[in-house]
Number of protein chains: 4
Amino acid sequence: MDAQRSKPRLRDLGITIGMLPTGPWNAITDVPGVRVGQTTVLHGDGPLQVGSGPARTGVTAIHPHEGSAWEWQVPSAIDILNGAGEITGRSLVDEFGVLGSPILITNTLSVGGVHRATVDWMVREHPEIGPGGWVAPVIAETYDGHLNDIAGQHVTSEQVFAALDSASSGSVAEGNVGGGTGMMLFGFKGGNGTASRVVEIGDERYTVGVFVQGNCGRLDDLLVAGVPVGQELGPMLRERRAQHEAERDHDGSIIIIIATDAPLSDRQLARLCRRGMLGLSRVGSIAHHGSGDLLLAFSNAEGNRVNVHAPAPILTTTRLSDEYINPLFQATVAATEEAILNAIIAAETMIGRDGNTVFALPHDDMLDVMRRYGRLA
Amino acid sequence: MDAQRSKPRLRDLGITIGMLPTGPWNAITDVPGVRVGQTTVLHGDGPLQVGSGPARTGVTAIHPHEGSAWEWQVPSAIDILNGAGEITGRSLVDEFGVLGSPILITNTLSVGGVHRATVDWMVREHPEIGPGGWVAPVIAETYDGHLNDIAGQHVTSEQVFAALDSASSGSVAEGNVGGGTGMMLFGFKGGNGTASRVVEIGDERYTVGVFVQGNCGRLDDLLVAGVPVGQELGPMLRERRAQHEAERDHDGSIIIIIATDAPLSDRQLARLCRRGMLGLSRVGSIAHHGSGDLLLAFSNAEGNRVNVHAPAPILTTTRLSDEYINPLFQATVAATEEAILNAIIAAETMIGRDGNTVFALPHDDMLDVMRRYGRLA
Amino acid sequence: MDAQRSKPRLRDLGITIGMLPTGPWNAITDVPGVRVGQTTVLHGDGPLQVGSGPARTGVTAIHPHEGSAWEWQVPSAIDILNGAGEITGRSLVDEFGVLGSPILITNTLSVGGVHRATVDWMVREHPEIGPGGWVAPVIAETYDGHLNDIAGQHVTSEQVFAALDSASSGSVAEGNVGGGTGMMLFGFKGGNGTASRVVEIGDERYTVGVFVQGNCGRLDDLLVAGVPVGQELGPMLRERRAQHEAERDHDGSIIIIIATDAPLSDRQLARLCRRGMLGLSRVGSIAHHGSGDLLLAFSNAEGNRVNVHAPAPILTTTRLSDEYINPLFQATVAATEEAILNAIIAAETMIGRDGNTVFALPHDDMLDVMRRYGRLA
Amino acid sequence: MDAQRSKPRLRDLGITIGMLPTGPWNAITDVPGVRVGQTTVLHGDGPLQVGSGPARTGVTAIHPHEGSAWEWQVPSAIDILNGAGEITGRSLVDEFGVLGSPILITNTLSVGGVHRATVDWMVREHPEIGPGGWVAPVIAETYDGHLNDIAGQHVTSEQVFAALDSASSGSVAEGNVGGGTGMMLFGFKGGNGTASRVVEIGDERYTVGVFVQGNCGRLDDLLVAGVPVGQELGPMLRERRAQHEAERDHDGSIIIIIATDAPLSDRQLARLCRRGMLGLSRVGSIAHHGSGDLLLAFSNAEGNRVNVHAPAPILTTTRLSDEYINPLFQATVAATEEAILNAIIAAETMIGRDGNTVFALPHDDMLDVMRRYGRLA
């Protein structure tokens, strides 16, 4: 547990996923240049009054590199495991194979407001957008209406600007924070999580970092390193919940962002997206009907960025040979699995609108289960 | 030229596309229940001042049937010919094969604001969204920044509500109106256009209606019923333009909405989208690099709507056998071609920001060309 | 262990996957009407002589229902997790949403020969194909060249006819049989496997059956019910292998066929395919670069079949509401996971061309591992 | 009309498509290195006897460059306008973005036999396939059963080898030849056609070459340079036909191969495929229900080929900036349109099985129509 953190992460509890090493932060920010900013929106208590609150939400911004995402566009791909969700900007990523904006993640009904604010922010940064250029930013979402006055659209433009402007490298806050503030995972409190892996290919070292805004899964399905923790802890959680509210079946959603500094083409990044799906499966998700399970991958390898102002007629880029890509697949599966578990481990019990309560996963109970399944001494 | 119209349409000029008959309005509203509403936003003149104007823009709303698009969802599909554009809500249409919101079309940078307003409108209509439901509305766009202060985001929530609330069946205004206000087509002023076709299959009559917000194409490429009108009128237009501004190469975009009352599945509607692409080709488009050529098709055949509140475990639906679908393909190709030409014919010369001027296609000059190519007596 | 079997399956060893019950055969044939036929081709020993052998291969035929797959076409979908493989007939399944042939699975280089033979068989069954109809049968493959003289194309037309003609319901042979004869899974001998699940939705019971021809995965990645059996047994297997051949890294492929009698549309069957991918992940696959991980799903619910001779202009079909589909997702994930493990459990050590040897997974060693991980008493 | 040709092509008749110049052969072989080989299979007359004939078919082979397509793989993409057809090898092209075999085009029911023969040929050329490598060749087809004993599978392995071995650069035979021997286009005799365009981008010249095996379209829909030739010549053709056979409605198919030496990525080649669709539309196709309208594009720019034996860990490739791609779109649309028309112009009246007769388009009658529509002096 590093000095900057007050809470343990999965590895601090003695559980590791896969054999590959992590980066120094075990976070998407281990990919050099990637910056994350988050604004958490928390106010009010008690009964839902649409427009007043309570608010249990926020917004997360991810810049794909240290510069302007619009000015220097990076190879990117989007793929969908289950489409019950929104990710704007997809047509452009599909057609051009590049990401041309920061990535914003928020609640379902704030997509429009965050889109509008992101456009304003980009125009502020690049006044030439408008008369001469244009943008279609990537805004994704999951649904927090169980805790949050989601129809109240509480995320303001200023809060979006704050997330964009404050984004930085280094440690990334997890759990009830930013866009993940009011989210749930496998019946427990969920939210944001991150993890990374480092691989060696030839003479080079590359990092894969994953960030999730996690709000999916059903209690009985939760797996921790293959152990059926959901089934084991289910009866206990159901009893605790029963004092607060009726059992509910939660379909949720998850946004999975995969970053790497390995030189990959958009086609290869689409391959990483499909491995993110496999990582999600390892935590027990079956991609429920109502779940928006959306993945975006990008590579910020320096030589492959395209300058929007003055693209040369001929672009020379590098890519890893597909024959050498397996370690990146392994890294993506493992980092996705661990990022989701980190979100669960970090999240804390939250009381939201109408007194709705979502409980944190009790670490000690989970560790007892892991011991019984031969995973801890 | 019918009594309700002050301007001729393509057919009024003696030019027909294909052999199939049109519906009574020759519009998307010939599909029973389809309703169109438009708010045009026009204010200011002179130099661009971002946030002040001049405004040359608007928003168009299409309701897929006479009821609530959210409450009664209809089979739908989206396809992309060239992805340099935005259409939100696509993941849901792809995954569930239904459309669950009205369709809004506006300018590129107003997508966020229109999205936000549409959510507010849907929550107003259906307060159960938020605590218990959710939405991901379809908002599409083309770019009007040559004439409009697009970065000013001039479309207000009230204007979105007005388009949604005022939507009606019957005649549909074309040209410089609604979302199409500031758009261009093949070097001439463009904007909104619509057309329809009626087919008989077995003992039934079905209508295909197409609506376009057209902003694509290059002058030299324009074809009218196969005649190279763009090449013929190019020198004249270039001379006229030269007095106003430098020749510019325009990549644009087009949104094509295809409606039918034929009972089609989402898979079959995707087939119609691809025929919309073929119709676009007939007008001369090569789907330029920077063009967002996006298509959405829906069928509002009554028995196939799904009630969002209480879907039965087993849904019984009908669909046209694929073996009988060719007349609908023919109708889609022809109605798309004619809708685009109707947009050009209806549009009027517009002066926008910084004095930028886009000229209407001169009808008489076009008719002269058509005569020379054996198309008019 | 039922009377007809000489070998245990995963459940016979005390290991279950998920909570859902299986059908009577725990096989794809639990879906009423589905029939499986297999021809195993085994001859020769010693050094590879292309064209002579040794042959360690075969072909598997799956009829989607009790009648003619061409005459009565059923809703179907294909999806690809990793495309390093071949599945013919895909364009048709994509476009029309139906399967119009039996499904044949063989080795990579026999696709052509099996395609040719299948066409001959279909023309024999339906002489009207040719002058008036046509076919594009579904032939899929995995690569058995490590054991088999794959370039020798040893599968004959007669062997294809035999698989098609002998197909039956009931118990399905697993392991080194049919198309799976020479295949490997996670470093051990692999091949064919199957499993099923039964779900109740509303007042109805539906079956999901999965069949795999499995030839993918790397030793270290193998998971059995979440337990890292590959890592645990790796050193032992590597020692055994060392006496026979150099360690090799195997990329392989897997064909996953998902059958159900639930009334699902082609779009919904595509959703099942994606859940098959999640099941594959649970066994430890990361979908290696060189793996052809191809999935096909079909529903043979009786009222939804389309007669190729005389489709009515209007087809009336039923489908499960998507809101009720989750149990089928759960069933697909679990049955896929178990089918792959059944293939490994059933497969026996095989010596192929050039003395190449692939070892069966030793059941007792695996069970020891499972005990240590708290999965067996 | 060049010396090597006995028949006129579209341009020889005074009709040009678009403004771009052609390459020296106005053929796919204008792309340096592209080689085409064709075997025509013609024997027998009179009533259909399946297995005996009459045979009116063949096979066409296209090598993407002067070397081995397997050894040096080139960027490639496949797209489908309407999927009622077969193209094998698609999963690999989709996943890896490269073409790894020659392209073979034949009749629908000979796909298997041609696939088998192509594998044999590739193993002969590269004995390392089999024990250590593998292939999934691209075989595409259209249906010639109206003239040909298609169920007889008359294309032999030797004929496939001959097409592959005899392939050369230079002039390409059109009309009733190779895989196109028994095909129809828009009610007239069709078959093979080709065309090319040369563009200048920056300081470079690039060629786009298109080859089609054309068997699609309905009489009334045929457009020649936008002129409704099908409608004009329909009555005459119907009268002529009436002496021979009942009017039939033909759905057909078309295979469109797009080659270029411009350095394009697989993503960009997919963009060319969609422009091929637009070119098909210009000839009047609505992509009928039963038409397999399949497109494959490849770029053989030298530095971008991948060596299958020894890919480096990092590949450095070039690509044209998407911002500069429009001339290649224009070239693709025009060359596709002209290739189809060249196929019609070159094809000659053919009598096939059961005396079925398909008439060539009468050049003089077509020219009369073109004159009336102001296209010829």
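At 6% relative accessibility, Arg56(C) counts as buried, where buried means under 20% relative accessible area, exposed over 50% and partly exposed in between (1.4 Å probe, protein chains only). The model is predicted: local features need pLDDT of at least 70, side-chain atom pairs count only at pLDDT 80 or more, and totals for chains, interfaces and linings use all residues. Residues are numbered from 1 along each chain as its sequence is written, chains are lettered from A and ligands numbered from 1 in the order in which they are written, and side-chain values use heavy atoms, with hydrogens and water left out.

**Salt bridges within chains**

Arg56(C) forms a salt bridge with Asp45(C); the term stands for a side-chain nitrogen of Lys or Arg within 4 Å of a carboxyl oxygen of Asp or Glu. Arg56(C) lies in strand β2 (residues 55–63) of chain C and Asp45(C) in the loop between β1 and β2, so the pair ties together parts 11 residues apart in sequence. Helices (H or I, at least four residues) and strands (E, at least two) are DSSP runs, numbered from the N terminus.

| Salt bridge | Closest N and O atoms |
|---|---|
| Arg56(C) and Asp45(C) | 2.8 Å |
| Glu66(B) and Arg305(B) | 3.0 Å |
| Arg372(A) and Glu232(A) | 3.1 Å |

The pair of Glu66(B) and Arg305(B) links the loop between β2 (55–63) and β3 (72–83) of chain B to the loop between β12 (292–299) and β13 (306–307), 239 residues apart. Glu66(B) is partly exposed at 47% relative accessibility, and Arg305(B) is buried at 14%.

In chain A, Arg372(A) pairs with Glu232(A). Arg372(A) is in helix α7 (residues 363–372) and Glu232(A) in helix α4 (residues 229–242), 140 residues apart. Arg372(A) counts as exposed at 53%, whereas Glu232(A) is partly exposed at 29%.

Over all chains, the whole structure holds 76 salt bridges. Glu95(A), Asp266(A), Arg267(D), Arg271(D), Arg274(D) and Asp322(D) are linked in a network of them.

Arg35(C) is found in strand β1 (residues 35–43) of chain C. Arg35(C) is buried yet has no salt bridge, and the nearest side chain of opposite charge, Glu66(C), is 6.6 Å away; Lys and Arg count as positive and Asp and Glu as negative, while His and the chain ends are not counted. Beyond four places in sequence, the residues in contact with Arg35(C) (heavy atoms within 4.5 Å) include His63(C), Glu66(C) and Ser168(C).

**Chains C and D**

The contact takes 46 residues from chain D and 45 residues from chain C. The area buried between them is about 3400 Å², of which carbon and sulfur atoms give 55%; buried area is the accessible area (1.4 Å probe) that two parts lose on being put together, summed over both. Ser91(D), Arg116(D) and Gln153(D) supply 16% of the area that chain D buries against chain C, more than any other three residues.

Two salt bridges are counted between chain D and chain C. Arg90(C) and Asp94(D) meet in a salt bridge at 3.5 Å, N to O. On the side of chain D that touches chain C, β3 (72–83), α1 (90–96) and α2 (111–125) each supply at least two residues, and the largest share, eight residues, comes from α2(D).
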